[in-house]
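Thanks for coming, everyone. Please bring up the structure on your screens, and I'll walk you through a few places in it.

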Amino acid sequence: MPAADPLKARIDQALADRLSQGLLRHRQPIQRQEGAKIRVDGRLYHHFCGNDYLGLAQCDHIRQAWQDGLQRFGAGSGASPLVTGHHQAHHQLEQLLCDWLGFEAALLFSSGFAANQAVIHALMHKGDLLLQDRLNHASLQEAGHLCPATMKRFAHNNSADLARRLEAAPGDRPKLVITEGVFSMDGDQAPLAEMRQLCDKQGAWLMVDDAHGCGVLGPQGRGSCAAAQIEPDILVVTFGKAFGCAGAAVLCRSDVAQYLTQFARHLVYSTALPPAQACALAEAVRQIQSQPWRRERLHTLSELLAANLEAHVPLVSTATPIKPLMVGESQRALELFAQLKEKGFWISAIRPPTVPAGQARLRLTLSAEHSDQQILALADALNEVWHAAETE
């Protein structure tokens, strides 16, 4: 008899557990995106769960910039940034980001996940204190668990809890506080002004992951920190949300950027972004700066949706495009997803472990591409399925 395969047994058991819990995840091929609609299996659905908040993913100016970059630079960068992968297009994008967001230096990464991991692993040493919001993104939490520093998590958006933990730390111990600007699952915002004051008082650095705030909030769309009128020590922005593209950047002082260039392994040992992509991202920045109507449109749509929802529908009111519909149990979230899908709306069910047990939800998001008619139809569909669920 051949020996049992322990890795296969582990995989089989893990998948069986997820299936029995109703938590097994699947990928769904999207055949085409048409404005604020997606085509899946030949059917067109109203798309209300993406992150293209400003509707820039299909912007003609950005597509043309990418095509022009392909003609000039080719399809790929050809190397890591410290070999020959750092092209003029990357340099120009970094400078544009610095001028717009008010930092001395910027470094580009392939994803927000990579950027967060790179910063934490490079900066945090044994004996350091890393304080994170309990609901921070998985990329931040994982890096914190794996780095040699001591990580502690403070209660979500709780400045008093953060203050207690900072005050308890030795004064000469390096301390880094990390929060998201806008939290992706709840759409709420961090109390950044209070956190900046606490960090200054206790000699801690503040790092903000503003994946879901940059482009959407603040003057010129400069994000959560600009809206709160504070300057973090490190700012991470990702390009897969309001920018309509992909990738990320870390913005910081020039000495910190030089340090990360030496010690951030995700930067040193990864192939650089395609320079054509950097051309597209530079155009995305220009579009964000010059088209405030896209942000204004999000506010208009948010107000229209709220005005047409019945009071019993538990859609969380937020100042961001993220509007969670709190459901509770995973199976119920899946049932509501299926009912809305039948009506032509695609709104993904978010279940544990992405969110805590008992807090499954439909994560509804708005885009400047949505029409008034789509919002009104969505409100009618939500009112109908929620009323039906309550009367079962």
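**A helix and some rings**

Start with the cover over α2: α4 (88-101) and α12 (275-290) are among the parts that cover its buried residues. One caution before going on: this is a predicted model.

Now α2 itself. The helix has 14 residues. From first C-alpha to last, α2 reaches 20 Å, close to the 20 Å expected at 1.5 Å a residue. Which residues of α2 are buried? They include I62, A65, G69 and F73. Looking down the axis of α2, the buried residues fall within an arc of 55 degrees, so they line one face of the helix. D60 and Q71 are on the other side, and they are exposed. Just after α2 comes G74, with a positive phi of about 90 degrees.

Next, the rings. How many aromatic pairs does a search of the whole structure find? The count is 6. Take F48 and F345. Their ring centres are 6.3 Å apart and their planes sit at 35 degrees, so this pair is tilted. F48 is in the loop between β3 (43-47) and α2 (60-73), while F345 is in strand β12 (residues 345-346), so the pair ties together parts 297 residues apart in sequence. F48 is buried at 0% relative accessibility. F345 is buried too, at 4%.

Then F239 and F243. Here the centres are 5.0 Å apart and the planes are at 65 degrees, so the pair is edge-to-face. Both F239 and F243 are buried.

Two last stops. Y45, F337 and W346 form a cluster linked by ring pairs. And R332 has its charged end over the ring of W386, 4.5 Å from the ring centre.

Terms used
Residues numbered from 1 in each chain as written. Predicted model: local features only at pLDDT ≥ 70, side-chain atom pairs only at ≥ 80, totals over all residues. Heavy atoms only, no water. Phe/Tyr/Trp six-rings, centres within 6.5 Å; stacked < 30°, edge-to-face > 60°. Helix = DSSP H or I, 4+ residues; strand = E, 2+ residues; numbered from the N terminus. Buried < 20%, exposed > 50% of the residue type's maximum accessible area, 1.4 Å probe, protein only. Lys NZ or Arg CZ within 6 Å of the ring centre and 35° of its normal. Expected span 1.5 Å × (residues − 1). Arc of directions from axis to C-beta. Contact = heavy atoms within 4.5 Å.
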